[in-house]
Amino acid sequence: MPSLTLNGVTVNFPFPPYDCQKDYMAKVLECLQKKANGVLESPTGTGKTLCLLCATLAWREHFKDTISARKISEKLNGEEMFPNTAVSSWGSAATDGATPTYYTDIPKIIYASRTHSQLAQVISELKNTSYSPKVCVLGSREQLCINPEVMRQESNQAKVHMCRGKVSARSCSFYNNVEEKSTDRELVKSILDVEDLVKFGNKQRVCPYYLSRTLKQQADVIFMPYNYLLDPKSRRAHNIELNGAVVIFDEAHNVEKTCEEATSFDLTPYDVASAISAVDRLLVEQAKDASVTEDFNVEGLSSGLKVNIETIAKVKQILLDLEAVVDSYDVPSEKGITKPGIFIYELLERVHLTFNSKTAVCEALDQMIGHLTGQPGIFLNTSGLQKLSDIIQLVFCGEPPEKESQQWMQSNTAQFKVHIHRDKNYHKKPQSTDVWASSSSSSKKQGNVLSYWCFSPGFSMQDLVAQGVRCIILTSGTLSPLSSFTCEMRIPFSVSLENSHVIERDQIFVGIIERGPDGVHLSSAFDRRFLPENMASLGNTVANLSRVVPDGLLVFFPSFPLMEKTLDFWRTNGQAARIDSVKPIFVEPKGKGTFNEVIDGYYNKVKDPTSKGASFCAVCRGKASEGLDFADTFGRGVIITGLPFPPKMDPRVILKMQFLDEMSRKKAPGVKYLSGQEWYKQQAFRAVNQAIGRVIRHKEDYGAILLCDQRFKGSGATAQLPSWVRPYVRLYESFGNVIRDVAQFFRVAQKMRPVVEKKAAAQSCGTVCSPDTQSFPSCSSSQSAHTQKAKKLDAHLPSLKRRRLDDHSGANGMARICIEYECEVQQSQKRPANLLDALERGDHCEEEEDDAVMGEEKANQLSTLSLQCDKRMDDEMRGGKRKIKLVQEQKSCRSEDVSGAGSPSSRAKSFLAEMKSLSRINFTRIMQALQNYKKDDQLDVLLTEAAVLTEDANTHGLLRGLYHFLRPHHKKRFDEKCQQLTGQGCGYEPSHSLSVDEKKALVLQSAPASQPAVGLTSSSCSQLNTQQLNKGGPHLNQQGLREPRTGSASKTDLLSAFLADVKKAIGAEKSALLFQAIKSYKKTDGYDELVTTVVSLFTERDEDFKLLIRFGLFIPTRHKKQYKEMLDGLIGQSVPAAEVPAGSEEQERQVSSSLPFKTQSKISSQKK
């Protein structure tokens, strides 16, 4: 593994680093060595995470080596251990000057990112380095607990308190194993993320949550989400020790928001009401206990609660007073009332909450919450009590000095505002049915919300510094502009970096599009965003750009409401249809549930070699703009449709801007604040920059950035863009020039950087439908050098890792079926040019000849429209006509033939999907009837149970769908019964009554004596029965591979039979080499290279030699003679001509055309 020396530290890197990577690592080392805070921006695709890990761990090792050198020097009393190498030369860059340093002083690395999924990517990167530190990843019980009883609890608070109760009573078997398993070698030596930790816990029957806390004590690197570090409550709960630690925030563009939210709260009337309800329940319970015994002390209470009734009553009084005080303010319906931050102490003092009483109240609340959540039976909401406890800990954090308490409180709340406003969600909150809730007035009327908002992320950052951290490093791909970002943090950053990208000038196109094709100014400003002419012009702009941007196109909108209204307008006025005809539209959903289905659909449409790509409409600050990989063809262009400013009328936004303006006017010495307007602008551009970062993901990637809002040309707008984008910005006043330049840019880029991803996608479409098929690595001699260079990064940059194109684990439900359907259609859309094409494509063909029937329907593209209309499609799929039916209008298929389409498993899945439209009772009834039929073969019983499907014409198709699952000897009778009951049969044919063995026997009887027997199966890729050929002899008979015949053994059968025999004989891995050689031959016409590979594969075993002879069928006519001479030379005698078919061009064309391509011709004709 390459190593380099930076700032006196040797860094091991997985591959020779780029200059920008060296610069980045040097800045990281500077922060670590000088104990300086750093803010480092490096564009996505430059290997930022890998550089960060390697530099930090290299410095830590160097730090440790320096301590060792110092100790050895002390032992030698100044003498040198190695005459030629002074101990002093081992380095002192890591030590802290003259301070004595011990091994216990080696700093821990605390690595924080926004989510656990991002941390999992970081840990995956760490596994690719040469470093093996002890690591630990912290998570919540929600993610790590494996105790079934705890996980059944409805709320997080209930889980926490039940877990604590079980741990204190040692009644959790998983926790009891922690001490024993924490030293397990597999655990200590491994680098595990959250998912790995849970797997280990399940395997070893040990608690992952407490195991991670145990590992934390000895860990060199601790991974955790932001909020564990920035939220003081969470930091205390996880006992995170920060003194002397190196703190790294990756993806730090979100740190500002997280800092502010971690130290803010909103107390709603619902929170207070639910807390009062919980306390009332507890008071009644204790009153019952008190009636049994006169002793009210701790020992006398049978419930085990360690607080007495008086304390519970005091808590209730605090809640009632708090509710009354907050509601006593007459709040204007729109604006609300705003007070300085210190007002929170005054308000809470009126309800008897002070620094003196905070400890007792918090302890009482913890006891009450623990007692209530530990009770068996009905779940009781304790979130209100938990909210009060969190508020007390936040507001009364620390202890003010007695003499300067007022000044201390003023300083502590300087970054905060108190805002009291009406509860706008009053009608949306679930109203409690608990009789005890009646004591709360909030349950009867709309109340006020008490908000305590932090407006400076510097409050949390200063708190971290106060904990004694060594340094704080903030890094991301989008921190620009750095000056305003560092202003917000309120701590000094002496090290900063705006890194360059690894790409060249010809790899990026940036254009500001001022006007649409019709000359209308494009703008998402509040007064123009919903104007019909503006939305129409934007739609026409996207439609035209979709024709010149190849493959995947990303379209980002400022907000969900704006995206939804714009798309509705486009659908109504035709722009959506124009875009969809070129690049099917996929839309980012609001909820998390269907996101994976939509994004998988988009990826698969882009990978489709017959398509022109797809478009993905998403929202700035949404999930798609945060870290998703749109490398290479998945994101050739990104369109920004407007500036995503925060909602200007939102009270929190208004107060934030007012707060910043106030601070700017004060002009404190040495402190610089942004103005409110600067912050407002910064928020919009940071979201834009994050979205822009989706498009160019690695050194060999290229793409276009198109800014479709006239406000991007405004003064200072360009300066807000990332440094690697600014030099390439062009302003276009004429739309025609944009189209010309974008088209030219991609023409040049595609010539200079040809991408083979589409070709791989064509192969892999088969792998979607056929899991056994393996895609092959591209190692063609014609592959460009830069593509091979980029491959060095594949294992280290997530954006370069080639997706497993046959992995659709993320897709399920209707989207999964849609994906499978599309693969079937796509395979038939490109006619092979010759026999080698047919052989290559045949390797991926696993579907039915009945695909031709599908050509009679217009297949819906897998777009968001289809994903959002599952129910409508279920209604349209009645009748089980084939594996999947996606149509825009109901059409009947040829004779309602339900008997032939799809594999048994796909037919079963489709049938089950349709059956779910029935009621649960009828669904269970039919399923049970099928199970019984499978056991006892009684058709009459099945018909009796299925009679319920004849009552409604809409379910007649479900009745006919049962035809698939009947045994052959019952099919004729069932078809007659369906004809009688529904007026329509099931497409019965006499051959349907034959068993598999009878079908084979029939084929053997009807086949000519000279014709090899071919098994009759429903697959278009049915296999030759090789055992029937010469009874397994070493070679085929001389007539075995004459010119392909028509009849029962089609040309396609020969291709698929050969493929099957090859895979069976030499295995999937060597088969991949064969097909790679075929591809290379087709490109270069390199006959010698092809023959070398073929001979090496088919002569390792004598029994495989027949495959070498059969391969002659696929050799083009111009090389037939050479191939026969080669065979003669290998065998030592002349091979009969019959064994090497003459394969004329006409014959090759006929065999190629034997594959089922009718579907595509019909689909194509419909699209024209």
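Predicted model: local features only at pLDDT ≥ 70, side-chain atom pairs only at ≥ 80, totals over all residues.
So, let's start with strand E3, residues 38–41, which runs parallel to E13 and is joined to that strand by 4 bridges.

E3 and E13 belong to an open sheet of 7 strands, and the pairing is parallel. Reading across, the order is E5-E6-E4-E7-E12-E3-E13. Which strands sit at the edges? Those are strand E5, residues 135–137, and strand E13, residues 495–498, and each of them pairs on one side only. From one strand to the next, the twist averages 15 degrees.

Two helices that pack on this sheet deserve a moment. Helix H2, residues 48–76, touches strand E4 at 109–113, strand E6 at 221–225, strand E7 at 246–249 and strand E12 at 471–476. The direction of H2 makes about 165 degrees with that of E4. Helix H3, residues 116–127, also packs on the sheet, and its contacts are with E4, E5 and E6. For H3, the direction makes about 155 degrees with that of E6.

On to the cysteines. How many disulfides does the model have? The count comes to 0. Cys54 is in no disulfide either, with the nearest cysteine sulfur, in Cys51, 7.2 Å away. Are these two cysteines buried or exposed? Cys31 has a relative accessible area of 0%, so it is buried. Cys54 also counts as buried, again at 0% relative accessibility.

Next stop, Ser451, which lies in strand E11, residues 448–454. With 0% relative accessibility, Ser451 counts as buried. What does the side chain of Ser451 do there? It makes a polar contact of 2.4 Å with the side chain of Asp266. Setting aside residues up to four places away in sequence, Ser451 touches Phe265, Asp266, Lys417, Val418, His419 and His421. There is also Ile420: in sequence, Ser451 and Ile420 are 31 residues apart, yet their C-alpha atoms are 6.1 Å apart in space.

Helix H27, residues 651–666, packs with helix H28, residues 676–692, at an angle of about 130 degrees, and the axes are 7 Å apart. That angle makes H27 oblique to H28. On the H27 side, the residues that meet H28 are Val653, Lys656, Met657, Leu660 and Asp661, and their partners in H28 are Gly676, Gln677, Trp679 and Tyr680.

Hold on to Lys656, please, as we turn to Glu488. Glu488 is found in helix H22, residues 482–489, and counts as buried at 4% relative accessibility. Where does the side chain of Glu488 find a polar contact? The partner is the side chain of Lys656, at 3.2 Å. Leaving out neighbours within four places in sequence, the contacts of Glu488 include Lys656, Leu660 and Trp679. Others among them are Glu256, Glu260, Ser456, Pro457, Gly458, Leu674 and Gln682.

Conventions:
Residues numbered from 1 in each chain as written. Heavy atoms only, no water. Disulfide = S-S within 2.5 Å. Buried < 20%, exposed > 50% of the residue type's maximum accessible area, 1.4 Å probe, protein only. Contact = heavy atoms within 4.5 Å. Polar contact = N/O pair within 3.5 Å; in protein donor to acceptor, adjacent residues only side chain to side chain. Pairing = 2+ DSSP bridges. Axes fitted to C-alpha atoms, helices over the stretch in contact; angles between N-to-C directions. Parallel < 35°, antiparallel > 145°, perpendicular 65-115°, else oblique.
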